Amino acid sequence: MTVYEYGSSSYLLDISPAYNRSTEPAPSGNAEGFAPPGKNNIDARYIDMQSGLFVDMTGLAPAAPLRTSRGVPGREQRVLAKDGHQYRYTDVFPLQASAFEGCAVLVPREVVKLLSDEYGADSLTRTTSRGYHWHADSEEWLPIRTTQKTLHGP
């Protein structure tokens, strides 16, 4: 674990000692050798030590192109995560400059497509989730009970 200081903020970078291997034996028939879905396949976590906000990171590995319907290897390159998720190389690379919490970051080329594919089309616009409501004015998620008290008084 390494702590990084940026101004008055501290961030912890915690890298799993198993970052370079699968966390579980691959199921039989899994030629790629990756762990089954649902297992913890996070390779690193970057944590804001003041707020607890964190970003999980998972490494990607190159994979053979998918085969066509005739069994012939295709031309489209792809990459795989440890849990078997696969992505088109061109959806991820080249990485694009962006900002997160005021810091410069690199994100996948088709970040909106990838997030929508993974979490659903409304995942980037939904304002309620798992008992919380997003307040755009304060830019924070608050429990719905707190939200109702705020909107309707005590």
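# Reading the labels on a predicted model

Of the 154 residues of the chain, 18% count as buried. This is a predicted model, in which local features need pLDDT of at least 70 and side-chain atom pairs count only at pLDDT 80 or more, while totals for chains, interfaces and linings use all residues. Residues are numbered from 1 along each chain as its sequence is written, and side-chain values use heavy atoms, with hydrogens and water left out.

Q: Why is Tyr11 called buried?
A: Buried means under 20% relative accessible area, exposed means over 50%, and partly exposed lies in between (1.4 Å probe, protein chains only). Tyr11 has 11% relative accessibility, so Tyr11 counts as buried.

Q: Why is the pair of Tyr11 and Tyr46 called stacked?
A: Rings of Phe, Tyr and Trp (its six-membered ring) pair if their centres lie within 6.5 Å; planes under 30 degrees apart count as stacked, over 60 as edge-to-face and the rest as tilted. Tyr11 and Tyr46 are 5.4 Å apart, centre to centre, with 5° between the planes, so by that rule the pair is stacked.

Q: Which parts of the chain does this pair link?
A: Tyr11 sits in strand β2 (residues 9-15) and Tyr46 in strand β3, 35 residues apart, so the pair links distant parts of the chain. Strands here are DSSP runs (E, at least two residues) and helices are DSSP runs as well (H or I, at least four), numbered from the N terminus. Ring pairs also link Tyr6, Tyr11 and Tyr46 into a cluster.

Q: Why is the pair of Tyr89 and Phe93 called tilted?
A: The ring centres of Tyr89 and Phe93 are 4.9 Å apart and the planes stand at 35°, so the pair is tilted.

Q: What do β6 and β7 form, and with how many residues between them?
A: They form a hairpin with 4 residues between them, and Gly84 in the turn has a positive phi of about 95°. β6 and strand β7 (residues 86-88) pair in the antiparallel sense over 3 bridges. In β7, Arg88 is the bridge partner of Arg78.

Q: Which way do the residues of β6 point?
A: Arg78 and Leu80 point one way from strand β6 (residues 78-81), Val79 and Ala81 point the other way, and all are buried. In a regular strand the side chains alternate between the two faces of the sheet.

Q: With which residues is Leu95 in contact, beyond its neighbours within four places in sequence?
A: Contact means heavy atoms within 4.5 Å. Leu95 is in contact with Leu106, Val107 and Pro108. Leu95 lies in the loop between α1 (89-92) and β8 (96-100), and with a relative accessible area of 37% Leu95 is partly exposed.

Note on methods: Pairing = 2+ DSSP bridges.
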